[in-house]
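Please keep the sequence and the 3D view open while you read.

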Amino acid sequence: MAKKKSKREYVWLECSKCKSRNYRTNVSVAEGTPKITLKKFCKNEREHTVHKIRRK
Ligand SMILES: [Zn+2]
């Protein structure tokens with residue numbers, strides 16, 4: 001598998017309410033950790049909450 005130039009990394013999407021890491025995704029980290037917030041369903045609150053990227 002050929003390596004691409006763009007630096008991608010697997011990150012967690014962490015719920016901003018309960019801090020549980022509910023989703024994994026991969027993002028480009030070439031210019032640092034992207035400041036992305038996503039509304040995702042969290043099973044702890046049983047509602048959509050803001051999820052933030054958390055690198056390992
Ligand atoms: Zn939550």
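**Notes on the strands and their pairing**

1. Leucine 13 has isoleucine 53 of β4 standing opposite it. For the numbering, residues are counted from 1 along each chain as its sequence is written. Please bear in mind that this is a predicted model, in which local features need pLDDT of at least 70 and side-chain atom pairs count only at pLDDT 80 or more, while totals for chains, interfaces and linings use all residues.

2. The protein has 0 helices and 4 strands, where helices (H or I, at least four residues) and strands (E, at least two) are DSSP runs, numbered from the N terminus. Followed along the sequence, the pattern reads β-β-β-β. The radius of gyration is 13 Å, well over the 10 Å that the globule rule gives for 56 residues, so the protein is more spread out than a compact globule. That radius is taken over C-alpha atoms, and the rule is 2.2 Å times the number of residues to the power 0.38. Along the principal axes, the C-alpha atoms fill a box of roughly 40 × 20 × 15 Å.

3. In which order do the strands of the open sheet lie? The order is β2-β1-β4-β3, with antiparallel pairing, and two strands are said to pair if DSSP finds at least two bridges between them. The edge strands, each pairing on one side only, are β2 (21-28) and β3 (37-42).

4. Strand β1, residues 8-15, pairs with β2 in the antiparallel sense over 7 bridges, and arginine 8 has serine 28 in β2 as its bridge partner. The hairpin of these two strands has 5 residues between them, and in this hairpin lysine 19 takes a positive phi near 65°.

5. Strand β1 also pairs with β4, again in the antiparallel sense, over 4 bridges. Strand β4, residues 47-54, is joined to β3 by 6 bridges, and these two strands run antiparallel. The bridge partner of threonine 37 is lysine 52 in β4.

6. How much of the protein is buried? Buried residues make up 9% of the 56 residues, where a residue counts as buried if 20 or more other C-beta atoms, placed from the backbone, lie within 10 Å of its own. Among contacts between residues at least 6 apart in sequence, 42% join residues at least 24 apart; two residues are in contact if their C-beta atoms, placed from the backbone, lie within 7 Å.

How values were computed
Buried ≥ 20, exposed ≤ 12 C-beta atoms within 10 Å, placed from the backbone.
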